[in-house]
Amino acid sequence: MHRCVATFLALLVWDVSATGQQANPSGKQPDRPASQPPSGMGGISSAGTFAPVYDTQKRPITAGGFVDAGPVVFEDASKASGLSKWQHVMGTLQKKYILETDGSGVGLIDYDNDGWLDIYLVNGSTYDALRGKKTSPHAALFHNNHDGTFTDVAAKAGVTNDRWGFGVAIADYDNDGWPDIFVCNFGKNRLFHNNHDGTFTDVAEKAGVTLGNWSDGATWGDYDGDGRLDLFVSGYVHYDLAYQPLANDGKTAFAFCQLHGVPVMCGPRGLMGEPDHLFHNNGDGTFTDVSVKAGVSDSGAYYGFTSIFVDVNNDGKVDLLVANDSEPNYLYINKGDGTFEDQSYVSGFALNKDGREIASMGLAVGDYGNDGLVDLLVTDFSDDFKALYHNDGEASFTDMADQADIAQMAVPFVGWGAGFPDYDNDGWKDIMMINGHVYPEVDQHDWGTTFNERALLFRNLGNGKFAYVPPVKGSGLATLTSGRGAAFGDLFNNGKIDVVINPIDGPPVLLKNVNADHHHWVELKLVGGPKSPHDAVGTTVYLSANGMRQREDVMSGGSYISSNDQRAHFGLGDSTDPATAEIHWPSGAKESVKLPAVDRIYTIREGSGIVDALCGGKRCTPGTAGKKTPHPPLMKK
């Protein structure tokens with residue numbers, strides 16, 4: 001029984017009577033309600049007020065709960081890697097306005113095709129920079145030096161952005177074999193085209209994807225099956241710098257500008273939302289806005305954060321998920337004719353287990369039960385339960401956070417970045433949440449929470465339940481930061497999943513995976529054929545090994561407005577036989593590829609099988625990768 005069952009019942013009554021957002025058999029999203037939140041809720045959705053949680057030293061659990069001994073899963077390699085030399089900046093430290101609070105994303109990208117992941121960190125800006133009075137903070141592109149260190153080459157590469165940045169999505173949108181970068185901004189967006197020489201050119205104006213108010217998250221996916229990646233961009237708040245409401249200026253009702261009765265920044269509730277956009281790739285470097293025609297225009301102008309194209313119903317077509325802040329989430333099912341059907345409510349994804357919208361921020365996709373269906377993890381605000389949507393088949397989801405044992409521990413945390421990394425390579429996807437508060441005022445009150453927070457890690461027990469992994473003192477899990485965007489990937493080509501966190505107003509955090517397990521693994525870098533996107537975004541891979549059948553999907557976008565490693569990663573436990581990969585390409589072709597050895601990063605080209613492999617971060621010697629003669633990357637126009 002939850003501690004706030006009475007609060008839940010009250011909120012449910014409020015939701016139905018004041019917003020009309022009860023179960024909706026048609027699946028159609030209602031327009032945004034013009035209503036006041038319950039007392040104490042403020043402009044962000046939560047379950048109510050929970051009792052503060054402290055550790056044995058009377059510290060709020062968000063910045064405490066450390067243990068002296070136990071498994072060290074991650075070490076903080078931020079300084080050793082060179083990442084800590086860069087700084088994220090977003091507005092003022094006081095966070096008087098919502099524009100200053102949401103933070104920015106991380107994109108993992110092998111921009112120079114050397115087989116090693118580089119790191120793109122979006123930066124915010126300042127009001128003085130917007131007015132032209134000061135230099136804008138720069139985004140960073142950290143080149144991987146293959147030795148555990150990184151060098152910022154953003155200025156040389158031409159990707160500093162110099163705008164108020166939020167989300168990032170990585171993809172090869174023009175099928176030329178080189179990954180490109182889309183950046184969501186307050187103001188005009190950027191589309192950095194890879195010039196194949198270590199530099200990029202912003203082609204957003206020519207491409208027609210600049211928009212112009214507040215774009216937050218993005219995802220790439222070939223929704224119409226023409227072999228070209230299309231672009232979806234979520235809108236957050238329609239923001240006016242000349243009309244920035246404060247808690248006590250009367251521009252917005254105080255109910256939307258308070259937490260526990262204390263004045264804080266206003267919103268998002270009470271502010272005008274910004275609609276979403278779907279851009280169809282015309283194949284000539286330009287895009288056409290087809291949002292209305294496709295049925296994903298977001299007529300209610302919900303507060304959109306993270307979005308992901310992925311096949312949720314196993315019909316071979318990518319569907320569209322959108323995590324909305326303090327409003328119902330979207331699930332659009334791809335009908336295969338260039339349009340989508342809104343099944344947000346009927347799928348169970350619109351609301352949580354209690355029938356409430358939540359302040360959805362991060363969104364992770366992964367098959368945590370190894371049943372061949374993708375499940376969904378959604379992070380949200382403090383004083384609320386994070387949602388774990390189990391896929392029951394046929395695009396039907398049930399929030400299983402309680403049954404999975406992840407609900408209670410996460411309540412005091414404000415969750416952003418989200419992932420299903422198999423950190424111990426046992427073949428079962430684990431759960432990680434990156435946290436940090438939005439209101440600096442929390443450090444001045446005895447509310448059991450803090451502005452800087454630690455990450456949360458839960459180990460998959462293989463039976464539908466997860467076990468909390470406590471943070472060991474001095475380890476990466478004990479690092480405190482006000483996290484926002486986070487990306488998950490194998491940065492050191494050693495088969496272990498690492499995490500890069502982009503906090504608000506601070507240096508990035510690199511959590512290097514140093515878990516002591518000696519489990520085996522394989523990773524697959526996929527290259528699409530003539531009828532698939534070149535970078536294989538939208539591909540689903542099943543691996544039958546070690547007595548289980550795992551699933552991985554190649555996606556662009558996710559976590560919190562970020563972009564993860566696009567190589568399919570499979571933990572194998574103690575098995576030394578990687579068995580066979582069953583690849584479902586975006587073209588509709590299905591291919592089975594026998595993998596010859598474990599602990600390899602294989603490059604597989606559609607229709608050609610294995611064409612290259614890395615062993616220990618270096619190209620395998622002939623005969624160890626399944627092909628004696630590696631082929632160059634496929635270049636497709």
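Let's start with the disulfides: the count comes to 2. A disulfide here is a pair of cysteine sulfur atoms within 2.5 Å. Before the details, a word on the source. This is a predicted model, where local features need pLDDT of at least 70, side-chain atom pairs count only at pLDDT 80 or more, and totals for chains, interfaces and linings use all residues. Residues are numbered from 1 along each chain as its sequence is written, and side-chain values use heavy atoms, with hydrogens and water left out.

Now the cysteine pairs. Cys257 is joined to Cys266, S to S 2.1 Å. The link of Cys257 and Cys266 is right-handed, with 110° about the S-S bond. How covered are these two? I call a residue buried under 20% relative accessible area, exposed over 50%, and partly exposed in between, using a 1.4 Å probe and protein chains only. Cys257 has 0% relative accessibility, so Cys257 counts as buried. Cys266 has 3%, so Cys266 is buried too.

The other disulfide is formed by Cys615 and Cys620, with sulfur atoms 1.8 Å apart. The torsion about that S-S bond is about 100°, so this disulfide is right-handed. Is Cys615 buried or partly exposed? Cys615 counts as partly exposed because its relative accessibility is 22%. Cys620 sits at 10%, so Cys620 counts as buried. Number the bonded cysteines in sequence order, and the pairing reads 1-2, 3-4.

Next, strand E7, residues 180-186. Strands, labelled E, are DSSP runs of at least two residues; helices, H or I, need at least four; both are numbered from the N terminus. E7 is mostly covered: 7 of its 7 residues are buried. In a regular strand the side chains alternate between the two faces of the sheet. In E7, Asp180, Phe182, Cys184 and Phe186 point one way. Ile181, Val183 and Asn185 point the other way. Cys184 has a relative accessible area of 0%, so Cys184 is buried.

Which strands pair with E7? Two strands pair if DSSP finds at least two bridges between them. E6, residues 164-171, runs antiparallel to E7 and is joined to E7 by 6 bridges. There, Val168 stands opposite Val183. E8, residues 190-194, also pairs with E7 in the antiparallel sense, over 3 bridges. Phe182 has Leu191 in E8 as its bridge partner. The hairpin of E7 and E8 has 3 residues between the strands, and Gly187 in that hairpin takes a positive phi near 105°.

Last topic: backbone exceptions. Most residues other than glycine have a negative phi, and most peptide bonds are trans. Where is the cis bond? The peptide bond from Gly267 to Pro268 is cis, with omega near 5°. Pro268 lies in the loop between strand E13, 262-263, and strand E14, 277-281.

Then two asparagines. Asn314 has a positive phi, near 60°. Asn314 lies in the loop between E16, 304-310, and E17, 319-324. Its relative accessible area is 35%, so Asn314 is partly exposed.

Asn370 also has a positive phi, near 50°. Asn370 lies in the loop between E20, 363-366, and E21, 375-378. Is Asn370 buried or exposed? Asn370 is buried, because its relative accessible area is 13%.
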